[in-house]
Each structure stands twice: as C-alpha cells, then as structure tokens.
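Please look over the sequence and the three-dimensional model shown below, and keep both at hand while reading. The paragraphs that follow lead from one part of the chain to the next.

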Amino acid sequence: MKGVAFFSGGKDGLYALHLAQKSGIDVPYLIALKTTIGASPHWENFSALEALARAMGKELLTFDMARGSGALAEFISSLDVDYLIAGDVLLEDHYRWVERLAMEAGVKALEPLWGKDTKRLAGEILGAGFEYAIIAVNREKLGKEWLGYTFRSVADLELFLEKNPGVDPVGEFAEFHTVVLASPLFKGCFDIEILSREESERYHWVRFGLRKEKR
C-alpha cells in the first residue's frame, strides 16, 4: 500500500503521516499546496519544507491551487498511490473536501486524527516524540509574542494553555501554525532561527531557517 500526504511542515499533517506509516502504508510523496487565499506562512518558508522532506527521505511535490481541485485530483491520480493522507481534526468542510478529492482521484482518504479530542491529541503528539514551534499567529486570536514558542513537552503545552485558555490546543481553528523540529520521521532534529517578523491581513508570522541541532 502506498500513499501521498498533504504537507505543510506542521505538526498535524506530519503526525497523520507518522500514524499512516505505522499502520503499514509506504508514503514516498509529500504534496505542498500553494494556496489562493492569501499569504501562507508555510509556503513563504518553502526552504524549510525542503529541509524537512530531505530529513525524511521523501519526494516533495508542489501544486498551485489556482489550477483548481479537479487538476489536483488528476495530479494525485497520476502518482499511482492508494491513499491520500491528511491531518484534519475537527474542520468538517476541509475533511469533506479531502474525501471528495480522494474519490475523484480514485484513491482512499485517510484522516487518522479525525474527531480526536484536541488536548488529548496535542499530548499524544508530544508523547510520540514530536517537537514543534509556532511560526504564525492569527492576529485576532493570539499575541505575536508567541511567535517562536516551542513545544517540547506536555509542560510547554500546559503553560501555553494556561496563558491562552481560549485557544485550541492544536490550533485547529487557525489560531496558530507550526513547524515540526523533531519527530520519529526525521533523521536528526532542528533548531528554528527566526530571520524576520512579518504581517499579513490575517497573521503575524516569521520567516525562518532550520539548522540541524546536535543532541
């Protein structure tokens, strides 16, 4: 069984990939989407996505959503895979879109995080050896002082939630976006180096580099 996974460098998608591989699915391909709904902090840091893909030994593919969902389905169909893997948790509209896309592409949708309690999920991700940092915050939901905050343990999660009780533990409602710095998927781990702080209509976000960390 083979799959392709949506990939932004964030924790949810990479944890979904991790669970898919643990279930026996070979995932040689990652797809990064160039969106049409404003600046994406993930896409703007594309060199980091390349570094993470290399650390996993996977082929990083890109797709411009300006071409439309139909063209994306054709692209996925051309990869000769059985599964389309995504990291949705609670967002029904996006979950249904992935299902429709998979059906059009002639593959099965695999959403291993779907419906999980988000605090429990955040603890599960950290317990599996993932570490991740905040690279963008929604201007209306979270202060920019949290840019670069790194989750390495449940204690980091608890502190974050204590200071931000109205924010979902995994940022499921776009309160924040992350980049993974360590995981069982990688050879080695990374430190984040913030290069500049930026603003868009929706986000405070950072341009950053990743450097291999020695532990």
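Which backbone nitrogen lies 3.0 Å from a polar atom of the side chain of serine 183? In this model, which is predicted, the nitrogen in question belongs to leucine 185. Serine 183 itself sits in the loop that links E8 and E9, and with a relative accessibility of 9% it counts as buried, since the cut-off for a buried residue is a relative accessible area under 20%. When residues up to four places away in sequence are set aside, serine 183 touches Gly129 and Phe130.

Helix H5 covers residues 118-127, and its buried residues are Thr118, Leu121, Ala122, Ile125 and Leu126. Viewed down the helix axis, these buried residues fall within an arc of 135 degrees, so that they line one face of H5. An α-helix has 3.6 residues a turn, so residues three or four places apart point the same way. Arg120 and Gly127, by contrast, lie on the other side of H5 and are exposed. The partners against which the buried residues of H5 pack are helix H1 (11-22), strand E6 (131-138), strand E7 (150-151) and helix H6 (154-163).

Elsewhere, salt bridges that share partners join Glu44, Glu198 and Arg207 into one network.

How many salt bridges does the structure hold? The count is 11, and one of them, between the side chains of arginine 207 and glutamate 44, has an N to O distance of 3.4 Å. Arginine 207 belongs to strand E10 (residues 203-213), whereas glutamate 44 is in the loop between E2 and H2, so this pair ties together parts that are 163 residues apart in sequence. Arginine 207 is partly exposed, its relative accessible area being 31%, and glutamate 44 likewise counts as partly exposed, at 33% relative accessibility.

Asparagine 45 is found in the loop between strand E2 (26-34) and helix H2 (46-56). At 5% relative accessibility, asparagine 45 counts as buried. Leaving aside neighbours within four places in sequence, the residues in contact with asparagine 45 are Trp205, Val206, Arg207 and Phe208. In helix H2, the buried residues are Ala48, Leu49, Ala51, Leu52, Ala53, Ala55 and Met56. The elements that cover them include H1, E2, strand E3 (59-64), strand E8 (176-182), strand E9 (189-199) and E10. Just after H2 comes glycine 57, which takes a positive phi of about 65 degrees.

A further salt bridge joins arginine 96 and glutamate 92, whose closest N and O atoms are 2.7 Å apart. The two residues are 4 residues apart in helix H4, which means that they are separated by about one helical turn. Arginine 96 is partly exposed, with a relative accessible area of 37%, and glutamate 92 also counts as partly exposed, at 37% relative accessibility.

Leucine 91 has its place in the loop between strand E4 (83-85) and helix H4 (92-105), and at 34% relative accessibility it counts as partly exposed. Together with Leu90 and Phe173, Leu91 forms a nonpolar patch on the surface, for which the accessible area of the three side by side comes to about 230 Å².

Terms used: Residues are numbered from 1 along each chain as its sequence is written. This is a predicted model: local features need pLDDT of at least 70, side-chain atom pairs count only at pLDDT 80 or more; totals for chains, interfaces and linings use all residues. Side-chain values use heavy atoms; hydrogens and water are left out. Buried means under 20% relative accessible area, exposed over 50%, partly exposed in between (1.4 Å probe, protein chains only). The arc is that of the directions from the helix axis to the C-beta atoms. Contact means heavy atoms within 4.5 Å. Patches are made of residues with over 30% relative accessible area and no salt bridge: like charges are joined within 9 Å, nonpolar side chains (Val, Leu, Ile, Met, Phe, Trp, Tyr) within 5 Å. Accessible areas come from the Shrake-Rupley method with a 1.4 Å probe; for residues, only the protein chains shown count as cover. A salt bridge is a side-chain nitrogen of Lys or Arg within 4 Å of a carboxyl oxygen of Asp or Glu. A polar contact is a pair of N or O atoms within 3.5 Å; within protein, one must be able to donate a hydrogen and the other to accept it, and residues adjacent in sequence count only if both atoms are side-chain atoms.
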